[in-house]
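Dear colleague,

I am passing on the structure below, and after it you will find my notes on a few of its features. Please read them with the model open beside you.

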Amino acid sequence: MVSSTVVALLGASGEGPPGLLPARQQMAFSLGWHIVLACFGVAFPVMIYVVHRRGLTRGDSVALGLAKRWATVSAILFAIGAVSGTVLSFEMGLLWPGLMGRYGDVLGLPFAFEGLSFFIEAIFLGIYLYGWGRMPPRRHLAMLIPMGVAGVVGTFCVVSVNAWMNNPTGFRLVDGEVTDVDPWRAMFNGGAFLQFAHMWVGAFMVVGFVVSGVYAAGLLRGRRDDHHRLGFTVPFVFATVAALLQPLIGHVLGMRVHDTQPAKLAAFELATTTEGPAPLRLGGVLVDGEVRWALDIPRLGSIIARNSLTAPVPGLDTVSVQDRPPVNITHLAFQTMVGVGSLLALAVIVFWVLRWRRRDLLAHRWFLRAAVAAGPLAVLALECGWIATEVGRQPWTVWQVLRTEDAASTSTGLWVGYIGVVLVYLGMTVGAVVVLRSMARRWRAGSETIVAPYGPGASPVDQAQRTRGTGGQ
């Protein structure tokens with residue numbers, strides 16, 4: 001009885017080849033874990049650049065100290081992300097042979113560029129880490145630029161593959177065979193730039209709130225020095241801009257879904273029938289074909305989804321039963337993403353309005369607690385966004401071209417690999433937490449004596465190296 005209720009609420013299904021369920025579970029787990037690290041690869045170099053440049057231009061040793069510490073953290077996260085990213089690359093072929101076996105030629109180009117971007121990012125991260133005190137300051141700072149660009153390019157390449165799965169193009173199917181492959185067209189498909197913008201801004205939102213939350217926790221413990229205030233402010237500014245931009249990008253992307261994937265939009269809106277004007281349904285689930293426990297707000301569904309007071313929102317009645325996505329998972333994930341994102345956008349507006357009125361919220365414990373909670377909430381919004389995107393595309397791996405059950409492996413031993421991946425990832429998580437906490441304790445213990453390799457407080461040897469590196473100017 002309980003299991004049948006869960007199946008009804010979540011829209012789960014045990015149908016398909018034996019490898020379908022473990023392939024889905026393993027891909028969801030590993031991608032959901034890796035995507036948070038990917039955000040740091042995109043956004044953290046930019047934040048490090050900002051504080052490093054501030055340290056050089058203003059002679060700010062606190063900013064330089066932050067740059068060095070953040071770079072060390074970035075290296076640890078990058079190393080762990082390299083492992084999880086490698087696992088994902090193998091999973092694409094092992095778990096989804098029906099996808100990569102048939103469409104590998106179509107998707108090869110963005111994967112190749114992503115690999116090159118990864119190596120470039122690793123090279124310049126190494127140079128930057130080694131360059132403290134060994135390179136001219138501004139040349140050292142410039143090493144962050146190719147590192148950041150490589151992170152952005154790599155992310156675009158990966159997102160473009162996912163966008164292609166939602167907007168397949170760049171090939172023709174002739175008698176079941178893939179012909180006339182145009183990898184450039186596939187890479188720059190119609191949904192690539194919007195999906196990338198959504199992910200790119202989301203990365204700054206996640207990293208900004210997570211990092212500022214770390215320093216908010218320090219402020220809560222009474223560490224009200226310049227180091228913690230600057231460490232909070234810089235990432236919080238990035239998070240603010242991202243939190244305000246994200247609803248706009250998401251709205252444009254959502255309107256596009258109406259034209260490209262109406263079944264996904266129907267699941268987002270929990271629309272069982274086509275309605276115009278359509279209400280906005282807050283909460284609720286679909287049980288036995290009926291919507292229960294939802295709060296309907298008249299017309300708002302048409303306004304948000306169609307930019308109209310009267311335009312209809314397509315319902316599930318326009319989609320055959322076998323082509324409908326798991327409605328409840330898609331709907332609840334989408335609404336959680338939108339709800340959390342809206343809450344964070346409202347929070348940053350309140351912060352800056354009160355700051356403009358000369359109220360320092362960093363002196364209030366209630367705000368600091370909220371700032372700490374904002375990091376996990378941003379991660380939750382990110383994960384729910386990907387759940388809505390991926391589950392909402394089902395039962396298709398490639399929209400209306402390749403069904404997921406046809407893409408999955410037929411192996412009966414995938415559960416063993418799934419358990420192995422879970423154990424490896426849990427081990428990496430524990431290792432990362434132990435290392436980062438150990439570093440934080442050492443930094444706190446020597447916070448009064450740690451100085452940047454150049455800038456105010458640097459040793460005479462470091463200052464001499466700086467003078468020689470800049471030609472004595």
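**Surroundings of Q26**

Leaving aside residues up to four places away in sequence, Q26 touches E91, L95, L414, G417, Y418 and V421, where contact means heavy atoms within 4.5 Å. Please keep in mind that this is a predicted model, in which local features need pLDDT of at least 70 and side-chain atom pairs count only at pLDDT 80 or more, while totals for chains, interfaces and linings use all residues. Residues are numbered from 1 along each chain as its sequence is written, and side-chain values use heavy atoms, with hydrogens and water left out.

Q26 belongs to helix α2, helices being DSSP runs of H or I with at least four residues, numbered from the N terminus. Q26 has a relative accessible area of 6% and is therefore buried (buried is under 20% relative accessible area, exposed over 50% and partly exposed in between, with a 1.4 Å probe and protein chains only). A polar atom of the Q26 side chain lies 3.3 Å from the backbone nitrogen of Y418.

**Helices α2 and α8**

Helix α2 (residues 20-58) and helix α8 (residues 192-220) have axes that come within 8 Å and cross at roughly 80°, the axes being lines fitted to C-alpha atoms over the stretch in contact, with angles running from 0 to 180 degrees between N-to-C directions. That makes α2 roughly perpendicular to α8, a term that covers 65 to 115 degrees. The residues of this contact divide into 16 nonpolar, 1 polar and no charged, where Ala, Val, Leu, Ile, Met, Phe, Trp, Tyr, Cys and Pro count as nonpolar, Asp, Glu, Lys and Arg as charged, and the others, Gly among them, as polar. Among those on the α2 side are F40 and F44, and the α8 side includes W200 and F204.

**Aromatic rings**

W200 and F204 are also members of one aromatic cluster, together with F113, F156, W184, F188, F193, F196 and F238. A search of the whole structure finds 33 aromatic pairs (rings of Phe, Tyr and Trp, the last by its six-membered ring, with centres within 6.5 Å; planes under 30 degrees apart are stacked, over 60 edge-to-face and the rest tilted). One of them is the edge-to-face pair of Y128 and W132, at 5.6 Å centre to centre and 65° between the planes; Y128 is buried at 0% relative accessible area, and W132 is buried at 8%. The rings of F236 and W352 have centres 6.3 Å apart and planes at 40°, so this pair is tilted. The pair links distant parts of the chain, with F236 in helix α9 (residues 226-260) and W352 in helix α12 (residues 327-356), 116 residues apart. F236 is buried at 4% relative accessibility, whereas W352 is partly exposed at 27%.

Terms used. Helix = DSSP H or I, 4+ residues; strand = E, 2+ residues; numbered from the N terminus. Parallel < 35°, antiparallel > 145°, perpendicular 65-115°, else oblique. Polar contact = N/O pair within 3.5 Å; in protein donor to acceptor, adjacent residues only side chain to side chain.
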